[in-house]
Amino acid sequence: MERFRSRVGDLTLLILVILAVSTKVPAIRTDISFPQAPLCKTTVQGRYLISDNKGTVYVGYVCTAPLLDSVSRCCPLGGERFSCQGCNLASQCCNSYEYCVSCCLDPSRVHENAYASDFHHCFSLHQNSSEPKESKTEASLTGIDVLVGRPGESCESVCRSRGQSCLSNMLSLLNQCDILQKYMRCKNGCYVSMGADQPAEVAEDAPSHLNPGACLYTQMEERLFCEGSHQHTRRLCPCA
């Protein structure tokens, strides 16, 4: 009898242990999740370049295919964002699909396709008025001499050589691709730059990595100065 009771006691203890192990503990969360890495949508047009489009942090970056993150399919954040490289902002067209995507993803632009020239990938700029922007600019420049300097020459020097003064408050009117293309050749396109020598055109004998023949403008107009210069650029100057 004692042996039977002992076996019953052992069996009861075993059942209690099994129940204790198998019973869910309500204090343990079952809805834990880990943050998901952002997944980007990318262009598939080109063989070498890729532009991504995801949210507000990753949108509009351009990179080469080997730099694309294999998990998120996003370009690295250190890449070019909202770049308009190879784009002619006057015709609103680009010679690269990926840079057209990057450029038109800039919130200040809306894209559309219009195969009107060798630049086959196009976007439209917002217009606040039916009057052409160029006409407004030309009207504002009435009575002002727009002069092109020599490589390495500042606008202050350009205007002084004509017995005039450089009007620094008018530099922003010239800091546009359509105006640059009116007074300069800009045969290698028009690009955003950051130098104090803008607006300007890169001299044709400049080193190849500086993109000879390209026109440059800046989006940081507070950095436009008459005194700025660069040995390999020719400035566009407002003199009076």
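Residues are numbered from 1 along each chain as its sequence is written. In this predicted model, local features need pLDDT of at least 70 and side-chain atom pairs count only at pLDDT 80 or more, whereas totals for chains, interfaces and linings use all residues; side-chain values use heavy atoms, with hydrogens and water left out.

The structure contains 5 salt bridges, a salt bridge being a side-chain nitrogen of Lys or Arg within 4 Å of a carboxyl oxygen of Asp or Glu. Accessibility is described as buried (under 20% relative accessible area), exposed (over 50%) or partly exposed (in between), with a 1.4 Å probe and protein chains only. Helices (H or I, at least four residues) and strands (E, at least two) are DSSP runs, numbered from the N terminus.

One of the salt bridges joins R234 to E201, with 2.5 Å between the closest N and O atoms. Because R234 lies in strand β13 (residues 233-239) and E201 in strand β11, this pair ties together parts that are 33 residues apart in sequence. R234 is partly exposed, at 27% relative accessible area, whereas E201 is buried, at 6% relative accessibility.

E204 forms a salt bridge with K187, the closest N and O atoms lying 3.5 Å apart. This pair links distant parts of the chain, 17 residues apart: E204 is in the loop between β11 (200-202) and β12 (215-218), and K187 is in the loop between α6 (177-183) and β10 (190-193). E204 is partly exposed, with a relative accessible area of 47%, and K187 is also partly exposed, at 48% relative accessibility. A salt bridge also connects the side chains of R150 and E153 (3.5 Å, N to O). R150 is exposed, at 58% relative accessibility, while E153 is buried, at 11%.

Helix α2 (residues 97-104) is mostly covered, with 7 of its 8 residues buried. The buried residues of α2 are E98, Y99, C100, V101, S102, C103 and C104.

R73 is located in the loop between β3 (61-64) and β4 (80-81). Its relative accessible area is 41%, so R73 counts as partly exposed. R73 and L39 are 34 residues apart in sequence, but their C-alpha atoms are 6.0 Å apart in space. With neighbours within four places in sequence left aside, R73 is in contact with C40, T42 and L68, contact meaning heavy atoms within 4.5 Å.
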